[in-house]
Amino acid sequence: MSLAAGLAVATLAVPPPLAAQNDELRPGAPRPEMTVSEYADEAVDYALAYGVTEKEAIRRLEDSDRLYGIIAQVREIESGRLAGWSLDNTRDHFGAWIYLAGDVEPSNETRELVEANPELRVQLGARYTYEELLASMKNPARFDGLSDAVLRARVSEGIDMRANQVVVGFHEERVEEIEAAYRSVDDIAAEMTRSVDTDGSYE
């Protein structure tokens with residue numbers, strides 16, 4: 001190794017002067033540029049799940065916070081008719097998705113956000129708002145008339161915002177018992193997922 005090369009290595013190993021270190025810690029001082037994304041590890045799993053490159057996965061993950069911020073804006077603007085929201089994650093598309101009840105066009109504020117953000121997609125035509133679906137889940141009257149066999153087999157409930165309905169899960173081992181003792185699981189699920197108006201009465 002030449003003397004010059006040795007000096008170069010030694011220079012890189014010397015810590016910066018104290019003044020420079022304090023400058024980096026000063027509030028508002030520019031942060032050192034990071035060469036590795038904080039999402040690098042997560043990007044590996046994302047890339048495998050959605051069939052994209054790790055570079056594209058990192059781009060999407062880094063952009064998620066911005067898109068969630070846009071979703072939050074639309075949720076506030078369209079709160080009276082909001083039915084669903086999410087991020088679209090597919091191999092060919094990445095963006096924000098909003099579902100609104102009814103067929104009336106969204107407000108001017110929402111349309112401006114759509115124009116300014118091509119990744120934002122607003123879909124109309126939901127039958128129920130998210131609040132109506134939530135009210136349905138909380139209404140004890142929805143279980144009236146159901147047999148004990150059905151109630152024992154029920155293991156989960158949740159809101160499917162894309163399908164615009166409440167989804168009920170049944171214990172797999174009890175499905176045949178339900179069908180034999182009562183009626184088909186599909187019929188029971190349909191009865192249990194009836195959505196209600198905001199006043200709590202069934203349609």
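A nonpolar core is a set of buried Ala, Val, Leu, Ile, Met, Phe, Trp, Tyr and Cys residues joined through side-chain atoms within 4.5 Å. In this structure, 21 residues form the largest nonpolar core, and Ile98 and Leu120 touch the most other members. The model is predicted: local features need pLDDT of at least 70, side-chain atom pairs count only at pLDDT 80 or more, and totals for chains, interfaces and linings use all residues. Residues are numbered from 1 along each chain as its sequence is written, and side-chain values use heavy atoms, with hydrogens and water left out.

- At least two core residues each come from α3 (40–50), α4 (54–77), β1 (82–89) and β2 (94–101); helices (H or I, at least four residues) and strands (E, at least two) are DSSP runs, numbered from the N terminus.
- Helix α4 provides the largest share of this core, six residues.
- Contact means heavy atoms within 4.5 Å, and beyond its neighbours within four places in sequence, Ile98 contacts Ile71, Val74, Leu82, Gly84, Trp85, Leu120, Arg121, Val122 and Gln123.
- In soluble globular proteins, nonpolar side chains tend to be buried together.

**Packing of α3 and α4**

- The axes of α3 and α4 lie 8 Å apart, and the helices pack at an angle of about 115°; axes are lines fitted to C-alpha atoms, for helices over the stretch in contact, and angles run from 0 to 180 degrees between N-to-C directions.
- The two helices, α3 and α4, are therefore roughly perpendicular to each other, where angles under 35 degrees count as roughly parallel, over 145 as roughly antiparallel, 65 to 115 as roughly perpendicular and the rest as oblique.
- From α3, Ala40, Glu42, Ala43, Val44, Tyr46 and Ala47 meet Glu54, Ala57, Ile58, Arg60 and Leu61 of α4.

- Ser64 is located in helix α4 and is buried, at 12% relative accessibility; buried means under 20% relative accessible area, exposed over 50%, and partly exposed in between (1.4 Å probe, protein chains only).
- The side chain of Ser64 reaches the backbone oxygen of Arg60 at 3.0 Å.
- Not counting residues up to four places away in sequence, Ser64 touches Leu87 and Phe94.
- Arg75 also lies in helix α4 and, with a relative accessible area of 35%, is partly exposed.
- Arg75 is in contact with Leu82 and Trp85, leaving aside its neighbours within four places in sequence.
- Ten residues separate Arg75 and Trp85 along the chain, and their C-alpha atoms are 8.1 Å apart.

**The loop between β4 and β5**

- Arg162 is found in the loop between β4 (154–160) and β5 (165–170) and counts as partly exposed at 43% relative accessibility.
- A polar contact of 2.6 Å joins the side chains of Arg162 and Asp88; such a contact is a pair of N or O atoms within 3.5 Å, and within protein one must be able to donate a hydrogen and the other to accept it, while residues adjacent in sequence count only if both atoms are side-chain atoms.
- Not counting residues up to four places away in sequence, Arg162 touches Ser86, Leu87, Asp88, Trp97, Tyr99 and Arg121.
- Although Arg162 and Ser86 are 76 residues apart in sequence, their C-alpha atoms are 8.9 Å apart in space.
- Asn164, in the loop between β4 and β5, is buried with a relative accessible area of 7%.
- Asn164 has a positive phi of about 60°, although it is not a glycine.
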